[in-house]
Amino acid sequence: MNGTLYGLIRKLEQTRSLTRTEYEYLITHRSQEAADTLAQKAVSARRRIYGNAVYVRGLIEISNICKNDCLYCGIRRSNRRCERYRLDAGQILSCCMEGYALGFRTFVLQGGEDGFFTDEILCGIIRSIKERHPDCAVTLSLGERKPLSYQRLFDAGADRYLLRHETADRSHYHRLHPPDMSFTRRMECLRSLRETGYQTGCGFLVGSPYQTAETLAMDLKFVETFRPDMCGIGPFIPHNDTPFRDMPAGDTELTCYLLSILRLIHPPVLLPATTALGTLDPDGREKGILAGANVVMPNLSPPSVRKKYELYNNKLCTGDESAQAKEHLAQRMKSIGYEIVTERGDAKTGNNKIR
């Protein structure tokens, strides 16, 4: 590893900040030695805050109906081959009840931008979850909404909101999305979520079409500036029924390299080892944890719909990614020196309002 690269890693560890040019240098000069050094420092930073805890979230994919037409996404509105579904309130509450019995204390309601889920309907669901499980956190990942909508959902009891920005490069954003989607609006939504009081998460695809080291450097600088409570990154995996069907997939090693960098940028951040990592690599989640991640999200959705929520090809939908296999997942984490923890697992950033 050359002296400049090592110096930048040391600087990042000490100051939690680099210039965009320096982040780009870290990416373009990536090596196994640099990855190992970053992972070691990232794990050390995480252990000082979270020990060897890996937080589990119960993921409930409430709908694959979406008004948007993102070019990379398998549930885009133009995909006529997608078999659509929508869970009702009773099904969602049943998933939470099952998850609670399994030991989950955070439920993540994720879905496409489905107009059926009005503020009134979502607020009713959130209140019901909180009434039945007052010791649990509710995370939403339901896309762009109006500031008043975010406020209503927060007032109903939602604790966290994850809205991946996808890319911090405006021109790159418009190469990944149709003309009716706005980079400015996405960033305004993230600011609105933070101002409302949510524990707020952003995130980006690794290896998405047209991505460069420069655009990734912009993502890292954005995370450094925004200081999210959560940051979800995962490798791009193409879907056969999208315009990007023939694009190459992202890279497990680069994703893990960036996880280590993100941990050093903002040590208290909650970093998932995503299902996409596990889809691309059988040991992907373990590699993510060993690179600095500290969250996994097993699937609590009804088994009959898991395959239908297919954002990318060959998504894992049976086995260890399912909540019912939590004990097996716990053993896999234990084999690399980590412990699945049954608690809410709030970020220790000072940005959040824990209720």
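Visitor: How do the residues of the lining of the largest cavity divide by nonpolar, polar and charged?

Guide: The model is predicted, so local features need pLDDT of at least 70 and side-chain atom pairs count only at pLDDT 80 or more, while totals for chains, interfaces and linings use all residues. Residues are numbered from 1 along each chain as its sequence is written, and side-chain values use heavy atoms, with hydrogens and water left out. Ala, Val, Leu, Ile, Met, Phe, Trp, Tyr, Cys and Pro count as nonpolar, Asp, Glu, Lys and Arg as charged, and the others, Gly among them, as polar. On that scheme the lining of the largest cavity has 24 nonpolar, eleven polar and nine charged residues.

Visitor: How much space lies in the largest cavity?

Guide: On a 1 Å grid over the protein atoms alone, a cavity is a set of points where a 1.4 Å probe fits but cannot get out; a pocket is an open set with protein on both sides within 12 Å along at least five of seven lines; lining residues have an atom within 4 Å of a point. Points are joined across faces, edges and corners, and a volume is the space filled by probe spheres set on them. A search of the whole structure finds two cavities of 30 Å³ or more. The space in the largest cavity is about 970 Å³.

Visitor: Which element gives the most to the lining of the largest cavity?

Guide: Elements are DSSP runs numbered from the N terminus: helices are H or I of at least four residues, strands E of at least two. Of the 44 lining residues, Gln110, Arg164, Glu166, Tyr309 and Leu311 lie nearest the centre of the largest cavity. At least two residues each come from β2 (58-63), β3 (106-111), β7 (230-235) and α11 (275-280). With three residues, the most comes from β7.

Visitor: Glutamate 166 is not a glycine, so what is its phi?

Guide: Most residues other than glycine have a negative phi. Glutamate 166 lies in the loop between β5 (160-162) and α7 (170-176). Its relative accessible area is 9%, so it is buried (under 20%; exposed is over 50%, partly exposed in between, with a 1.4 Å probe and protein chains only). Its phi is positive, about 75 degrees.

Visitor: Is arginine 227 buried or partly exposed?

Guide: Arginine 227 is found in the loop between α9 (213-226) and β7. Its phi is also positive, near 50 degrees, in a residue other than glycine. At a relative accessible area of 40%, arginine 227 is partly exposed.

Visitor: Which residues line the second largest cavity?

Guide: The second largest cavity has a volume of about 100 Å³. Its lining divides into seven nonpolar, one polar and two charged residues. They are Arg57, Val108, Thr139, Arg160, Leu162, Met230, Leu270, Pro272, Val295 and Met297.

Visitor: Which residues does leucine 162 touch?

Guide: Leucine 162 lies in strand β5. At 16% relative accessibility, leucine 162 counts as buried. Contact means heavy atoms within 4.5 Å. Not counting residues up to four places away in sequence, leucine 162 touches Leu140, Ser141, Gly201, Cys202, Met230 and Gly232.

Visitor: Which elements do the buried residues of α4 pack against?

Guide: The buried residues of α4 are Ile92, Leu93, Cys95, Cys96 and Gly99. Seen down the axis, they fall within an arc of 155 degrees (taken from the directions from the helix axis to the C-beta atoms), so they line one face of α4. They pack against β2, β3 and α5 (119-132).

Visitor: How far apart are the end C-alpha atoms of helix α4?

Guide: Helix α4 (residues 89-102) has 14 residues. The expected span is 1.5 Å times one less than the number of residues. For α4 that should be 20 Å, and the distance between its end C-alpha atoms agrees: 20 Å.

Visitor: Which residues are the closest to the centre of the largest pocket?

Guide: The largest pocket has a volume of about 410 Å³. Of the 18 residues that line it, the closest to its centre are Lys67, Glu113, Glu144, Arg145 and Lys146.

Visitor: Which element gives the most to the lining of the second largest pocket?

Guide: About 280 Å³ of space lies in the second largest pocket. Gln32, Ala35, Glu253, Cys256 and Tyr257 are the closest to its centre among 14 lining residues. Two or more residues come from each of α3 (32-50), α10 (252-265) and α12 (284-291). With five residues, the most comes from α10.
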